[in-house]
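Subject: Structure for your attention

Dear colleague,

Please find the structure below.

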Amino acid sequence: MTVGDAPPLFCARQLRIAFAGASGPVEAVSGVSLEVRSGEVLGLVGESGSGKSLTCRSTIRLLPHRARLTADDLSFEGRDLLALSDRELRDHRARNVGMVFQDPFSCLDPTMRVGEQIAETLRVNAGMDKSAARQRALEMMELVDIGQPDRRYLAYPHELSGGMRQRVAIAIAVSCRPKLLVADEPTTALDVTTQAQILALLQRLRQETGMALLLVSHDFGVIAQMCDRVAVMYGGYVVESGPVTSVYRAPLHPYTRALLSAIPAIESAGKRVRRTGIPGQPPGIGEILTGCPFVPRCTLAQTACTTIDMKLQEVSPGHANACPVTTEAANASPVTAGDNGARSVPPAGLPGVNAAMDVHHAVPSADGAEHLMQP
Amino acid sequence: MLNYFARRAGIAVVQLLGLALVAFALIHLVPGNPVRTMLGARATPEQVAAATRRLGLDRPLVDQFGSFVWGLLSGNPGQSITFAQPIASLISERILPSFLLICYGLVVAIVVGTPLAVFSAVRPGGAFDHGTRLFTTVAFAMPTFWLGLVLALLFGLKLHWLPVAGYTSGFVGAIRSLTLPGVVLGLSLLVIVVRTLRTSMRKVLTAEFVEAERARGFSTFRIVTRHVMRSAVMPTITVLAVNVGFLIGGTVVLEQVFQIPGVGSLLFLAVEHRDYPVVETIAVMAGAVVVVLSLLADLAQALMDPRVRLGARTV
């Protein structure tokens with residue numbers, strides 16, 4: 001999957017999202033810049049509260065009422081999303097972007113049959129008539145591997161398992177052939193076996209339709225397995241971004257390095273290895289930090305770090321880093337840059353990204369064993 | 001589904017029996033004697049004893065309760081003591097105005113309350129929300145008889161739009177004579193409709209599936225009318241069903257104020273004269289209405305919300 005110089009599908013420059021707080025506005029996203037190109041898979045990784053959910057929701061401007069969004073540029077296929085009227089915005093949401101949420105237990109209307117919910121989306125957003133929408137909904141259910149669609153069409157959400165519900169949600173999201181699918185932690189609420197199936201399904205749909213995928217996760221293993229590029233978020237900033245192989249093999253930002261070193265590798269299975277984790281807590285909402293938000297937890301922090309402006313500096317083609325300390329070190333000795341990280345890096349192909357994920361490769365899917373994970 | 005219905009109906013029967021017992025016990029506990037009230041203070045003890053025997057009031061209470069329940073079940077609750085008339089015909093003559101009045105009140109509460117609740121819920125904390133809260137609280141806080149009198153004064157005596165009191169049969173007559181008490185009854189119920197509907201709508205509006213539907217590009221109108229309302233109206237329907245009992249209580253006062261010959265004013269007279277059988281019958285009827293309505297509300301809930309159907313199958 002080479003991306004090349006395709007024009008960006010979604011583009012955000014200096015995206016800021018703030019909430020009104022007791023003592024002035026509180027920024028949850030502080031100047032994020034990112035691009036999703038046609039057909040690519042961009043991963044957005046970071047821990048809870050890093051701003052990744054808000055950032056991905058800005059693709060359709062779906063923010064809480066109290067949130068204030070500003071940006072130098074927020075556009076989809078070159079169209080300014082900030083200038084859209086309510087009607088145009090609804091149209092954009094209906095046609096261009098599909099969204100899958102974290103919790104399949106609560107993202108479907110509990111009082112409506114799941115098939116009807118898919119069909120309703122097709123009727124409203126694609127203007128289909130009743131019988132055509134029903135027919136297409138059944139096809140969509142087949143497409144997302146829901147067995148016996150005729151029977152499941154009539155089921156209510158509470159009658160389906162979590163994985164099945166997430167498949168319904170995915171069917172709804174892709175039903176109108178969006179150019180971009182945003183998946184906000186789509187597997188976090190599911191058990192591990194189902195996780196692997198859902199990721200495989202997303203991968204297959206993406207390959208079949210050529211749509212771009214913005215995948216949000218706190219699990220670097222998932223990101224490494226699915227994505228072309230990754231943006232690492234911390235405290236409302238993108239701290240590092242680049243091709244997933246490059247970020248994975250040679251992480252630059254101290255936060256990325258700490259994140260990667262917290263992932264158990266398959267080579268260590270059975271050995272007693274103490275995972276360092278990241279000491280300290282991520283910054284709380286409303287905590288005013290100047291400079292780099294990672295300073296309190298960073299082992300490389302210097303006094304100057306509290307005054308930097310978190311601009312991403314390109315270190316190698318496509319790979320950018322917001323930490324001046326590690327950028328400088330990388331520029332001084334590019335070959336060893338990656339080895340500053342706390343972990344030894346596995347060779348090509350990213351095997352053993354996440355021990356748990358590797359286990360799934362051998363686990364057949366519960367509904368008929370067709371989909372195994374592709375590393 | 002059938003199973004669920006059968007169980008709820010069984011519970012309703014037990015509730016009604018309990019209600020009959022309570023109504024019977026309460027009116028017999030109230031001091032005062034229907035025979036004394038009927039015959040006047042100068043009646044001799046012999047006369048009183050004879051009348052008491054004639055009316056069967058000297059029998060043991062258990063016997064009296066038994067024939068009361070049997071009378072209700074057989075549809076013939078007996079004679080009124082005061083009015084010397086069969087209770088069945090007494091009530092059937094007066095049921096229509098009361099029934100229409102309660103329906104009028106419900107319609108006013110729902111028709112006025114629903115849009116108030118919806119717009120308040122969509123923009124919580126806005127001027128409309130605050131205005132609605134103020135208006136409904138004030139409407140609730142005013143005693144029905146007082147509000148009734150004020151409206152009668154304004155629209156009846158000053159503006160001559162509507163009759164001040166009395167009841168005319170016929171469609172137009174009924175509408176005209178029931179408008180003022182109906183509005184008063186509706187206003188007293190309004191706060192319940194607005195508060196419960198607004199609260200449950202807020203809850204549903206913040207549910208993730210609403211956000212997911214926004215993400216699909218659905219309009220707020222579609223989300224509210226097709227999805228939010230389905231989940232949100234149920235608590236309101238249940239509360240309304242239970243509060244019809246409150247409305248029946250309201251009709252007692254309003255039928256007095258507006259001089260409407262309904263069951264409410266009959267109940268008033270019957271209590272005044274310690275007319276045991278009439279009071280008991282009306283009390284059980286009112287209770288039956290509430291029990292049946294809440295049974296219907298539960299059934300409606302089961303029909304509208306699939307999660308309520310117990311023993312739901314798993315696909």
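Glu77(A) lies in the loop between β5 (73-76) and β6 (79-80) of chain A; helices (H or I, at least four residues) and strands (E, at least two) are DSSP runs, numbered from the N terminus. This is a predicted model, in which local features need pLDDT of at least 70 and side-chain atom pairs count only at pLDDT 80 or more, while totals for chains, interfaces and linings use all residues. Residues are numbered from 1 along each chain as its sequence is written, and chains are lettered from A and ligands numbered from 1 in the order in which they are written.

Although Glu77(A) is not a glycine, its phi is positive, at about 50 degrees. Glu77(A) is partly exposed, with 14 other C-beta atoms within 10 Å. For this term, a residue is buried if 20 or more other C-beta atoms lie within 10 Å of its own, exposed if 12 or fewer, and partly exposed in between, with C-beta atoms placed from the backbone.

Gln148(A), also not a glycine, has a positive phi near 50 degrees. Gln148(A) sits in the loop between α4 (130-143) and α5 of chain A, and it counts as exposed, with 11 C-beta neighbours inside 10 Å.

**Chain A as a whole**

Chain A contains twelve helices and 13 strands. Of its 375 residues, 46% count as buried. Among contacts in chain A between residues at least 6 apart in sequence, 66% join residues at least 24 apart; two residues are in contact if their C-beta atoms, placed from the backbone, lie within 7 Å.

Asp129(A) belongs to the loop between α3 and α4 of chain A and is exposed, with 9 other C-beta atoms within 10 Å. Asp129(A) and Leu181(A) are 52 residues apart along the chain, and their C-alpha atoms are separated by 25 Å.

**Where the chains meet**

How many residues does each chain bring to the contact? Chain A gives 26 residues and chain B gives 23 residues. On the side of chain A that touches chain B, α2 (86-95), α3 (114-126) and α5 (149-153) of chain A each supply at least two residues. The most comes from α2(A), with four residues. By class, this side of chain A has 13 nonpolar, five polar and eight charged residues. Here Ala, Val, Leu, Ile, Met, Phe, Trp, Tyr, Cys and Pro count as nonpolar, Asp, Glu, Lys and Arg as charged, and the others, Gly among them, as polar.

Phe218(B) lies in the loop between α9 (208-215) and α10 of chain B. Is Phe218(B) buried or exposed? Phe218(B) is buried, with 22 other C-beta atoms within 10 Å. Leaving aside its neighbours within four places in sequence, Phe218(B) is in contact with Val124(A), Glu213(B) and Ile223(B).

The axes of helix α8 (residues 171-205) and helix α10 (residues 220-257) of chain B come within 9 Å and cross at roughly 160 degrees. Axes are lines fitted to C-alpha atoms, for helices over the stretch in contact, and angles run from 0 to 180 degrees between N-to-C directions. α8(B) and α10(B) are therefore roughly antiparallel to each other (under 35 degrees is roughly parallel, over 145 roughly antiparallel, 65 to 115 roughly perpendicular, and the rest oblique). The contact of α8(B) with α10(B) has 18 nonpolar, seven polar and no charged residues.

The domain assignment, which is automatic or from a database, gives chain B domain 1 (2-73) and domain 2 (92-272).

Yours sincerely
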